[in-house]
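Hi,

Here is the structure I promised to pass on.

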Amino acid sequence: MVSIRFPLSGQSTDVYVLLLAGQDCARVGCSPGFCCSKWGFCGNSPLHCGSGSTTTRATTITTRTTPSAITRTTTTTTQKTTTSGIGSETNNKITREQFDCIFSKLSEDVRDKRWQGYQEALSMVSFKPQNQNELIMFFAHVSHETDGLQTYEEYCGKSKECASSYEISWCGPATAEPGKHYYGRGWLQLSFPCNYNAAGQALGIDLLKNPEKVAESDAVAAAAGMWFWDANNIGQPARQGNFGATTQIINSLECGPTPQQTKRISRYQEVRLCFGLKRDTENLHC
């Protein structure tokens with residue numbers, strides 16, 4: 001399988017050229033073995049070869065990929081078009097190639113750990129995005145909240161600057177444990193004693209007494225984020241393509257003309273590219 005990456009920071013030049021060649025694939029077609037998505041990008045993932053795509057099938061093909069070049073032979077091709085939409089359930093799972101694209105700034109070893117933690121988390125909590133919009137927005141918020149999965153702890157919490165700022169349980173009956181801090185941790189920066197308590201009950205872990213566990217395990221960090229997403233029904237506006245409304249639920253303090261919201265939207269646009277989609281232009285702000 002050829003891994004298609006997009007022109008984000010740290011990506012290789014030759015792959016960037018391949019992407020540009022696929023942006024008009026409805027007119028010029030794709031290389032043998034690749035599919036033209038309905039958004040005009042070439043690729044070989046289910047997202048490219050599924051909804052609204054044109055598939056190029058080769059009767060004779062020899063393809064060799066190296067870091068510097070892609071060599072192909074001449075082939076005879078046929079075209080096949082499918083017509084299901086972006087909301088199709090076949091588009092609600094992330095591939096390893098897409099995951100690597102989103103979190104490309106991580107080292108390979110760390111990215112492997114994060115991916116494995118995600119797989120383990122799926123067995124801890126029922127997390128089933130209902131369409132591609134929801135999946136993309138979830139990972140966009142994860143990327144923003146964790147600085148591209150580079151940290152599981154809020155930076156000001158780690159530095160002790162805001163470590164004691166989250167002791168009050170405004171969202172439910174839960175009392176902070178003496179000496180424990182409840183600043184943002186995990187994939188969606190779980191905060192406040194009440195959220196730690198509720199997440200812990202759902203995951204079968206006492207996170208009220210041991211909030212640090214959210215940042216100590218890749219699986220728990222991911223599972224806590226999935227729990228928060230579902231518990232707050234963030235998937236509903238996400239499925240409708242309303243990114244601004246999802247930001248409103250996660251962190252309303254960013255709403256308005258803030259640099260934080262600008263950065264969050266930028267993360268969202270980057271994640272869309274990793275899924276072979278064009279930049280979004282509607283319902284971005286809250």
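This is a predicted model: local features need pLDDT of at least 70, side-chain atom pairs count only at pLDDT 80 or more; totals for chains, interfaces and linings use all residues.

Residues are numbered from 1 along each chain as its sequence is written, and side-chain values use heavy atoms, with hydrogens and water left out.

(A pocket is an open set of points on a 1 Å grid over the protein atoms alone where a 1.4 Å probe fits, with protein on both sides within 12 Å along at least five of seven lines; lining residues have an atom within 4 Å of a point. The volume is the space filled by probe spheres set on the points, which are joined across faces, edges and corners.) Of its 34 lining residues, Glu145, Glu154, Gln189, Asn251 and Glu254 are the closest to the centre.

Now the rings. I get 17 aromatic pairs (Phe, Tyr or six-membered Trp rings with centres within 6.5 Å; stacked if planes are under 30 degrees apart, edge-to-face if over 60, tilted for the rest). Phe127 and Phe138 are tilted, because their planes sit at 45°, with centres 4.6 Å apart. Both are buried (under 20% relative accessible area, 1.4 Å probe, protein chains only). Tyr166 and Phe192 have planes at 70° and centres 5.1 Å apart, so that pair is edge-to-face. Tyr166 is buried too, at 16% relative accessible area.

Cheers

Key:
Buried means under 20% relative accessible area, exposed over 50%, partly exposed in between (1.4 Å probe, protein chains only).
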